[in-house]
Structure formats: structure tokens, C-alpha cells
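Reader: I would like to learn how to read helix packing and overall shape from a set of coordinates. Please take me through one case.

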Amino acid sequence: MRYKVTLEYDGTRFEGWQSQPSGKGVQDIVERALAAFNPETPRTIVAGRTDAGVHALGQVIHVDIAREIAPIKLCDAINAHLRKYPIIALAAEVVDEHFSARISAKKRHYRYVVLNRRMPPALLVNRVWHVPHRLNLAAMQEGAALLVGPHDFTSFRSSVCQAKNPVRTLQAFTVTQHDVQIWFECAARAFLHHQVRNMVGTLIEIGRGKRKAADIPSIITARDRSAAGLTAPPGGLYFVSVDY
């Protein structure tokens, strides 16, 4: 039976999603939980690999299990073996053998959260990026709009990004104020390594007046990582959901 499982996790204490030699990847923990009640469980396939320190509200995996189990019982079994970790299986469902958490995904949604106030966080440490400076929301919204569409995002990807093609189609990018928080929300079928964090870092520089929204087209055409802004820290980034 192939199961689609939706996960929520706090990525602070993990070395990203992908399995690590240290055993401290989220994948390592989840697969050990699955193996505890189903030793023949193969490796999981994930919708989007998150970096160290990045969180998930609705990460999706699929896994093949040799025996049939009710979806709610599968969640209970996984969660029973995850009690020591900030990882929860939120939902599960049976899917056909052609479903792939990665390949079947049509759109992935990310949110980046900035805490925009003078005082640092007490309750949201490692869950937001604290930016104490005044930010121009309208300028950041203008800059975000210029990033929407198909572009060569070389200027916004990590120098160690392994993608063969730097062209991605950003389907949506909004910047909204929520009291003292600013949410940067974007959607695309696929993203480059560090793309979201590099776009947010650049927009923050625009919000602070260090750059102009009108600089975005020239940053894109430069196809040079040094042309864009800083990389936003991982703690403010959330993998929100996947459309299939």
C-alpha cells in the first residue's frame, strides 16, 4: 500500500530534511519511526527538501508499507515513535502506486516570517527573522511582483545549487503585514536552493531603502548571486503546503 502522509515539524534542531550521516535529518527520524512498526519500510519520498533550521506546516511524503493499515492508525503509530521530537504526522491517506510526493506536485507553497519591531522575540526564537528597522511595505510588494513569472533565478540561488536549469516560474509572491509580522508568501512548482531566502533577503534590503524595487529586473538579468541581497536566516522559513 502506498500512503501519502502530511507532516508538521520544527526544523530548529535538525540538519534539514535529507538523511544525514549523523542521523539528524528529519528523514532519518521519520524513517526510524516507520521502521519501528514496519521493518520492511523503504525510504520515504518527500515533496520538498528543507534546509537545516527550516520548518514545515504541511510537508508531504509518500511511503510504501507492506501491510494495510488504516490512515488514522498510521498517523498514531508514527506519532507514538516521534514523542521525543518536534515532528507530527497530521494526516495520511491511501494513494495509487503512480502517486509521487515529489513528481506529482503541481505547486509548492512557502512562507517567510519577519518580526518587524524594535524588541527581539522571546517566544518566536528560531521561528522568525527579527528585523528591528522600519520597512517600506509598498516597496517590498512592488519588488515581489517583479519576481513573479518565468525567470532565470541564478542571482537568487545558492552557489552550491545542483539544479541543471536555473529557470523557474514563480506563480505568486505576496508581502503582507500582520501586526508586527510581515509574511512573504510565494508559490511555484519548484524552487532553487536558497531561492526563497535570497529573494526575501533582497526584498528586506529594498524595504530598508538600501535598494529600489526597480532594481529587481537588473538583478535578474545579471545572473550573478553577488548582484542580489543577503540570504535570510533559515528560522523564518516554512514549507506550508503542496498542491497535487
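Reader: At roughly what angle do the axes of helix H3 and helix H4 cross?

Author: First, the source. This is a predicted model, in which local features need pLDDT of at least 70 and side-chain atom pairs count only at pLDDT 80 or more, while totals for chains, interfaces and linings use all residues. Residues are numbered from 1 along each chain as its sequence is written, and side-chain values use heavy atoms, with hydrogens and water left out. Helices (H or I, at least four residues) and strands (E, at least two) are DSSP runs numbered from the N terminus. Axes are lines fitted to C-alpha atoms, for helices over the stretch in contact, and angles run from 0 to 180 degrees between N-to-C directions. Here H3 (residues 137–147) and H4 (residues 195–207) cross at roughly 145 degrees, their axes coming within 8 Å.

Reader: Which residues of H3 and H4 meet?

Author: Contact means heavy atoms within 4.5 Å. On the H3 side these are Ala139, Met140, Gly143, Ala144 and Leu147; on the H4 side, Met199, Leu203, Ile204, Ile206 and Gly207. By class, eight are nonpolar, two polar and none charged.

Reader: How do H1 and H2 cross?

Author: Angles under 35 degrees count as roughly parallel, over 145 as roughly antiparallel, 65 to 115 as roughly perpendicular and the rest as oblique. The axes of H1 (residues 26–37) and H2 (residues 71–80) come within 8 Å and cross at roughly 110 degrees, so the two helices are roughly perpendicular to each other. Ala33, Leu34 and Phe37 of H1 make the contact with Leu74, Ala77 and Ile78 of H2. That contact has six nonpolar residues, with no polar and no charged ones.

Reader: Where does Ala52 lie, and what does Ala52 touch?

Author: Ala52 sits in the loop between strand S2 (45–46) and strand S3 (55–64). Leaving out residues up to four places away in sequence, Ala52 touches Gly11, Phe14, Glu15, Gly16 and Pro234. The C-alpha atoms of Ala52 and Gly11 are 6.4 Å apart, although 41 residues separate them along the chain.

Reader: What does the secondary structure of the protein come to, and what box do the C-alpha atoms fill?

Author: There are five helices and 10 strands. Along the principal axes, the C-alpha atoms fill a box of roughly 55 × 40 × 30 Å.

Definitions and conventions. Ala, Val, Leu, Ile, Met, Phe, Trp, Tyr, Cys and Pro count as nonpolar, Asp, Glu, Lys and Arg as charged, and the others, Gly among them, as polar.
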